[in-house]
Every structure is written in structure tokens, then in C-alpha cells.
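Subject: Structure handover

Hello,

Here is the structure I promised you. Please open it next to this email and find each residue as you read.

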Amino acid sequence: MFDVNAAPPCGYICGGCSHLKKDCTGCRQTGGKPFWSSAPGESGCPVYHCCTNEKCLEHCGLCSQFPCEIFLKLRDPSMSDQEFQKSLSERKAILQKRAGK
């Protein structure tokens, strides 16, 4: 089982990602610049930047504005609408658990 406390600020479980250890070492290890941030026009994850760099929080669940627009818009473009909604619900639950809510 993946340790939810090792999850990145957005609550995504990197252990289930097919890119982990292939073309990505994880959000925390890359400073919020996962494999997809090398695409033209991408400078890194906006959720990581906001949570970690701007607000100095461990994860979004600790933010008074959670879930904010940045969090709600973070989407893997390969996901269907149904997959995205499921992922969003799971990430919210993980972050609430990590925040002790």
C-alpha cells in the first residue's frame, strides 16, 4: 500500500503512475516539475508552485482555500471526464485525511 503521507501536494498517488521511475521521479524530487512539464509552454505544476513555493504548505489539504480553482483544474489530459471526477474525489479525500479532517 502506498503511504499517503508521501504523496505530492495535490494528493495524487504517484505510485500508480506508469511514468514513475521511467521518465519521472515524482513531484517532490523534481521540485514540482514532473515529466509533463517539459512540454512547450509548461514551467511546472501550478498546484505544486502555489502550495509549496508560495504558501509553504506540505499539501493542499492544509490550505484555507482548499479546494481552490487551481486544484480543481489540475487534470491529466489523457483522462476521460469520468476518470477525472473520480481522481478529483480521491485526491480530495486523501488530502482531507492527511490534514486530519
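Below is what was found in it, from the overall layout down to single residues.

**Layout.** Please keep in mind that this is a predicted model. The protein has 4 helices and 0 strands. Read along the sequence, the pattern is α-α-α-α. There are 101 residues, and buried ones make up 34% of them. Now take the contacts between residues at least 6 apart in sequence. Of these, 44% join residues at least 24 apart.

**The core.** Nonpolar side chains tend to be buried together in soluble globular proteins. Here, the largest nonpolar core has 15 residues. Those with the most contacts inside it are C45, V47, C60, F66, F71, L74 and L95. Two helices, α2 (46-54) and α4 (81-98), each supply at least two residues of this core.

Look at C60 next. Leaving aside neighbours within four places in sequence, C60 is in contact with P9, C10, V47, C51, F66, F71 and L95.

**Helix α2.** Which residues of α2 are buried? They are V47, Y48, C50 and C51. What covers them includes α1 and α3 (69-73). After α2 comes C56, which has a positive phi, near 55 degrees.

**The aromatic pair.** A search of the whole structure finds 1 aromatic pair. Such a pair is described by the distance of the ring centres and the angle of the planes. The rings in question belong to F66 and F71. Their centres are 5.0 Å apart and their planes are at 70 degrees, so the pair counts as edge-to-face. The cut-off for that label is an angle over 60 degrees. Both F66 and F71 are buried.

To see where empty space is left, one rolls a probe the size of a water molecule over the atoms. The structure holds 1 cavity of 30 Å³ or more. About 100 Å³ of space lies in the largest cavity. What lines it? The lining of the largest cavity is V47, C50, C51, K55, L57, C60, C63, Q65, F66, C68, I70 and F71. The elements giving two or more residues to this lining are α2 and α3. Helix α2 gives the most, with 3 residues. By class, the lining has 10 nonpolar, 1 polar and 1 charged residues. Both partners of the aromatic pair, F66 and F71, are in this lining.

**A pocket.** The second largest pocket holds about 180 Å³ of space. Its lining is G11, Y12, I13, D76, S78, M79, E83, S87, E90, R91 and I94. These residues divide into 4 nonpolar, 3 polar and 4 charged.

Finish with P8. P8 sits in the segment before α1 (27-30). Is P8 buried or exposed? Its relative accessibility is 4%, so P8 counts as buried. The cut-off for buried is under 20%. Which residues does P8 touch, not counting those up to four places away in sequence? The answer is C14, C27, R28 and R98. Now compare sequence and space. P8 and V47 are 39 residues apart in sequence. In space, their C-alpha atoms are 9.7 Å apart.

**Where to look again.** V47 is a buried residue of α2. V47 also belongs to the largest nonpolar core, and V47 lines the largest cavity.

Best wishes

Key
Residues are numbered from 1 along each chain as its sequence is written. This is a predicted model: local features need pLDDT of at least 70, side-chain atom pairs count only at pLDDT 80 or more; totals for chains, interfaces and linings use all residues. Side-chain values use heavy atoms; hydrogens and water are left out. Buried means under 20% relative accessible area, exposed over 50%, partly exposed in between (1.4 Å probe, protein chains only). Contact means heavy atoms within 4.5 Å. A nonpolar core is a set of buried Ala, Val, Leu, Ile, Met, Phe, Trp, Tyr and Cys residues joined through side-chain atoms within 4.5 Å. On a 1 Å grid over the protein atoms alone, a cavity is a set of points where a 1.4 Å probe fits but cannot get out, and a pocket is an open set with protein on both sides within 12 Å along at least five of seven lines; lining residues have an atom within 4 Å of a point. Grid points are joined across faces, edges and corners, and a volume is the space filled by probe spheres set on the points. Ala, Val, Leu, Ile, Met, Phe, Trp, Tyr, Cys and Pro count as nonpolar, Asp, Glu, Lys and Arg as charged, and the others, Gly among them, as polar. Rings of Phe, Tyr and Trp (its six-membered ring) pair if their centres lie within 6.5 Å; planes under 30 degrees apart count as stacked, over 60 as edge-to-face and the rest as tilted.
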